Amino acid sequence: MEEVRLQKYLAEAGIASRRKCEEYIEQGRVKVNNEIAKLGTKVNPEADVILFDNKKIEKKEELVYILLNKPIGYVSTVTDQFDRETVLDLINIPGRRLVPVGRLDMYTS
């Protein structure tokens, strides 16, 4: 497997968004091969040991794609600052991290 940026690997492993993972790296909360990582570090997930808050991170999740015909009244986001219903309220897959792709407003179907 080829090397990938550390923040991308952490985001894909479900730690947080890529930007938030960059903050974690800058805060010194991420280690690669038992050394504190720096922003810009590239990792080989098959060869490197990656720790977040001293817990080993392994990306095991198989990707699942769901095509959804969004009804009017829902927003295409994970959480909404106005507490409106989101597309994730329509789908329940226990143990899966779901991320909407594409952006439709509340009044678009």
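1. Two strands pair if DSSP finds at least two bridges between them. This is a predicted model, in which local features need pLDDT of at least 70, side-chain atom pairs count only at pLDDT 80 or more, and totals for chains, interfaces and linings use all residues. Residues are numbered from 1 along each chain as its sequence is written, and side-chain values use heavy atoms, with hydrogens and water left out.

2. The sheet. Four strands make up an open sheet, in the order β3-β2-β5-β6, and their pairing is antiparallel. The edges are taken by β3 (35-36) and β6, each with a single partner strand, so one side of each has no neighbour in the sheet. Strand β5 (residues 50-52) runs antiparallel to β6, and two bridges join them.

3. Leu51. This residue belongs to strand β5, and opposite Leu51 in β6 stands Lys56. Is Leu51 buried or exposed? Leu51 counts as buried because its relative accessibility is 14%, and the cut-offs are under 20% relative accessible area for buried, over 50% for exposed, and partly exposed in between (1.4 Å probe, protein chains only). A contact means heavy atoms within 4.5 Å. Not counting residues up to four places away in sequence, Leu51 touches Arg29, Val30, Lys31, Asn34, Lys56 and Ile57. Ile36 is 15 residues from Leu51 in sequence, and their C-alpha atoms are 9.2 Å apart.

4. Asp53. The loop between β5 and β6 holds Asp53. With a relative accessibility of 35%, Asp53 is classed as partly exposed. The side chains of Asp53 and Arg29 are joined by a polar contact of 2.6 Å. Such a contact is a pair of N or O atoms within 3.5 Å; within protein, one must be able to donate a hydrogen and the other to accept it, and residues adjacent in sequence count only if both atoms are side-chain atoms. From Asp53 to Asn33 the separation is 20 residues in sequence and 13 Å in space, C-alpha to C-alpha.

5. Two positive phi values. Most residues other than glycine have a negative phi. Asn34 has a phi near 70°, which is positive, and Asn34 is not a glycine. Asn34 sits in the loop between β2 (30-32) and β3, and a relative accessible area of 60% makes Asn34 exposed. Asp83, also not a glycine, has a positive phi of about 60°. Asp83 is placed in the segment after β6 and counts as exposed, at 71% relative accessibility.

6. Asp80. The segment after β6 (55-56) contains Asp80. Asp80 has a relative accessible area of 16%, and therefore is buried. Its side chain reaches the backbone nitrogen of Phe82 at 3.1 Å. Apart from residues up to four places away in sequence, Asp80 touches Val75 and Thr86.

7. Gly73 is in the segment after β6. Which residues does Ser109 contact, leaving aside its neighbours within four places in sequence? They are Asn69, Lys70, Pro71 and Ile72. Of these, Lys70 is 39 residues from Ser109 in sequence, with a C-alpha to C-alpha distance of 5.1 Å.

8. The largest pocket. Its volume is about 790 Å³. Of the 25 residues that line the largest pocket, Val64, Leu98, Val99, Pro100 and Val101 are the closest to its centre. A pocket is found on a 1 Å grid over the protein atoms alone, as an open set of points where a 1.4 Å probe fits, with protein on both sides within 12 Å along at least five of seven lines; lining residues have an atom within 4 Å of a point. Grid points are joined across faces, edges and corners, and the volume is the space filled by probe spheres set on the points. The lining comprises 15 nonpolar, two polar and eight charged residues. In this grouping Ala, Val, Leu, Ile, Met, Phe, Trp, Tyr, Cys and Pro are nonpolar, Asp, Glu, Lys and Arg are charged, and the others, Gly among them, are polar.
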